[in-house]
Amino acid sequence: MKLVLIEDEPLVAQRLERFCREVLGAGLERLHRASSFDEAAAWLAENTVDVVLLDLNLEGQDGMELLKRSVASSFHTVIVSANTDRALEAFQYGVLDFVPKPFTRERLAQALSRVRGPVTRAGQAARNLAVKKAGRIELVPVDDVLYVQGAGNYSELVLADGRRELHDKTLERLEALLPEDFERTHKSYLVRLSAIKALHASEGSHYELELKNGTCLPVGRTRYKELRERLL
């Protein structure tokens, strides 16, 4: 795992690093420490990571602005903060977990396991997805998303009004953040169940789903049975 710690308190950063190394062991491929988001952003521009551990209070910077910039990126974000009153808001923007300070090794291990293991949903689903635009971050309400299509290392959010927004996260990482109403129906699609009108099966075990707006999408053979059961 490639990991970045963004923490401006040296003793806390030191403790975080120690716990991460103990928990991840040989699974930790790289760990980088930064004391400010700007310092981390410069490093991230040249490197790829799997997860960022982010403190919301960094030398007077607005934690939520830092958060929006972080969750719009390809990696997962885990908040490690004493600002527990902002946990719900953080989840709404699409963080994978919120570890309150003071933290224990066990609680940090629980958060890291969500990054390492199979896809598990975040503690609370995101209500917005942050997407990068030219020089700014724009929030897309999850309620507006009909389905998500994988596009290599990126994903396309397909909205109810027909617009498409490119997101830096992979389909797997978005799946962990979206509500339970979104189902993986195909290796390349995550679809909102309430938007599905019908399932169709044809000769040769070819399956597809029809959305209420008339759009038809393929359904994976191994996913058809489970999808049908969820729709009944």
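Visitor: Which elements do the buried residues of α1 pack against?

Guide: Keep in mind that this is a predicted model. The buried residues of α1 pack against β1, β2, β3 (51-54), β4 (76-81) and α5 (105-116). Among the buried residues of α1 are Val 12, Leu 16, Phe 19 and Val 23, along with Glu 17 and Cys 20.

Visitor: How do you know that the span of α1 agrees with what 15 residues should give?

Guide: The expected span is 1.5 Å times one less than the number of residues. For the 15 residues of α1 that should be 21 Å, and the end C-alpha atoms are 21 Å apart, so the two agree. Just after α1, Gly 25 takes a positive phi of about 55°.

Visitor: What makes Lys 2 and Glu 29 a salt bridge?

Guide: The cut-off is a side-chain nitrogen of Lys or Arg within 4 Å of a carboxyl oxygen of Asp or Glu. Their side chains meet at 3.9 Å, N to O, so the pair passes. Lys 2 lies in strand β1 (residues 2-6) and Glu 29 in the loop between α1 (10-24) and β2 (30-34), so the bridge ties together parts that are 27 residues apart in sequence.

Visitor: Why does Arg 184 count as buried?

Guide: Buried means under 20% relative accessible area. Arg 184 is at 11%, so buried it is. The side chain of Arg 184 meets that of Glu 172 in a salt bridge (3.0 Å, N to O). The pair links distant parts of the chain, with Glu 172 in helix α6 (residues 171-175) and Arg 184 in strand β11 (residues 182-186), 12 residues apart. Glu 172, at 37% relative accessibility, counts as partly exposed.

Visitor: Which residues do salt bridges with shared partners join into one network?

Guide: Lys 133, Asp 161, Arg 163 and Glu 165.

Terms used
Residues numbered from 1 in each chain as written. Predicted model: local features only at pLDDT ≥ 70, side-chain atom pairs only at ≥ 80, totals over all residues. Heavy atoms only, no water. Helix = DSSP H or I, 4+ residues; strand = E, 2+ residues; numbered from the N terminus. Buried < 20%, exposed > 50% of the residue type's maximum accessible area, 1.4 Å probe, protein only. Contact = heavy atoms within 4.5 Å.
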